Amino acid sequence: MFKNSTKDDYTATHIVDRFIKQAIENWASDIHIEPEDASVRIRYRIDGVLVEVEKLPLNVLNNLISRVKVLANLDIAENRRPQDGRFEIHSPSVIDMRVSVFPTVYGECAVIRILDQSKLMNSFAELGFHEDQLKTFEEMIKKPYGLILVTGPTGSGKTTTLFSILNNINSPKRCIVTLEDPVEYHLPFIRQSQINEDIGFGFAEGLRSLFRQNPDVIMIGEIRDRKTADIAIQAAMTGHLVLSTLHTNDSVGALIRLSEMRLEKFLITSATIGIIAQRLVRRICPDCKEEYQPQENLISMINSQDLPKIFYHSKGCEMCNNTGYRGRVGIFEILTPSPEVNKLVYKEASWQDLFNMATSQGMISLRKSGMKMVENGITTLEEVLRVTNK
């Protein structure tokens, strides 16, 4: 699937163009250019996993990094400090390339993030929501005001989910304003702003100014501190629909995280209308899919009630670069805090007590959501165990 270089390929322009084209063709999300003591390693992140595709001689590094800097409009003379930039290509849709250059002991390394506007999901079913989750989710985003949080680790697809929500509720009749770091996708009718901490324009400062813009919906790229969380909750309490992300492992953890920020608990419970936790799992390659029996130690990690009758995996083929996987899909956990859950928040209950209450009232956990994907032959048991705890 990947083409090895020849001596004639060692011009910076050719190398960078080839890697970008090859990465897009293989649905990679990132290109890593990494210097080592005697070579330059090129890796693509495909379906969330880094794959080494080539090694180049170390003497091409400086020209390679310079070419990337020129494309991203960065300072080619500066090699001691990190730099961030961007550029666009048309292939044929508009693809935004985010560039991060970082100094290391062997020279500068670069990561190029590939953001294809055409891959922005329009359907929530495409994201991976099950039918029994869709109704809850769609009711949540139709509410006129309140706080909706999307949680998960870096690279779990939170931004895609947020923009799919915005895409769904977007209308010329609504004023939607975003604060992002950085702006990744561009949508019509939405006023998008990029924060700049260097000049004192952070999420909290931007939020204060946004109120004078008379928005109906506010999207905050991330709630990082108490100040931002407090203003976001105040906005949700005063007639705005507020969307944001939070770095927690699951939906229940978001309630605990907000409490740890020393926010008033009655504000947390009054403002929060929904929390979505998510992960991305790799899809089984359809071209080499087959039935199989997982190892007993893996099966023993799953509740017997959740076990499907038939398991599937892929043996690997040319279409999936012999990985057995092609593409990714989300698994989700949706919490709409009930009065009983809110009472536990007031009592500063443990994560386990909150989780038990939420699941007893019908919340589908990340693990169970993943097992539904296993049952439907979309992903493997190994993938679900890799990204979920329980």
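Reply: Arg282 lies over the face of Tyr325, at 4.0 Å from the ring centre. Lys289 is placed over the face of Tyr312, at 4.8 Å from the ring centre. A charge is taken to sit over a ring if NZ of Lys or CZ of Arg is within 6 Å of the ring centre and within 35 degrees of the ring normal. The model is predicted: local features need pLDDT of at least 70 and side-chain atom pairs count only at pLDDT 80 or more, while totals for chains, interfaces and linings use all residues. Residues are numbered from 1 along each chain as its sequence is written, and side-chain values use heavy atoms, with hydrogens and water left out.

A pair here is two rings of Phe, Tyr or Trp (its six-membered ring) with centres within 6.5 Å; planes under 30 degrees apart are stacked, over 60 edge-to-face, and the rest tilted. One of the pairs is Phe19 with Tyr44, edge-to-face at 6.4 Å centre to centre and 80 degrees between the planes. Phe19 belongs to helix α1 (residues 12-25) and Tyr44 to strand β2 (residues 39-46), so this pair ties together parts 25 residues apart in sequence. Helices (H or I, at least four residues) and strands (E, at least two) are DSSP runs numbered from the N terminus. Phe19 is buried at 2% relative accessible area, and Tyr44 is buried at 0%. Buried means under 20% relative accessible area, exposed over 50%, and partly exposed in between, with a 1.4 Å probe and protein chains only.

Phe124 and Phe129 have ring centres 6.5 Å apart and planes at 90 degrees, so this pair is edge-to-face. Phe124 is buried at 5% relative accessibility, and Phe129 is buried with a relative accessible area of 5%. Ring pairs link Phe124, Phe129, Phe137 and Phe332 into a cluster.

Helix α6 (residues 203-210) has Phe203, Ala204, Gly206, Leu207 and Leu210 as its buried residues. Their arc is only 160 degrees around the axis, which puts them on the same side of α6. The buried residues of α6 pack against β8 (176-180), β10 (217-220) and α7, where contact means heavy atoms within 4.5 Å.

Leu207, along with Leu149 and Leu258, has the most contacts inside the largest nonpolar core, which has 40 residues. Such a core is a set of buried Ala, Val, Leu, Ile, Met, Phe, Trp, Tyr and Cys residues joined through side-chain atoms within 4.5 Å. Helix α7 (residues 226-237) gives the largest share of this core, six residues. A second, separate core of 30 residues includes Ile24, Ala28, Leu56 and Leu74. Leu149 touches Ile223, Ser244, Leu246, Ala254, Leu258, Gly274, Ile275 and Ile276, not counting residues up to four places away in sequence.

Key
The arc is that of the directions from the helix axis to the C-beta atoms.
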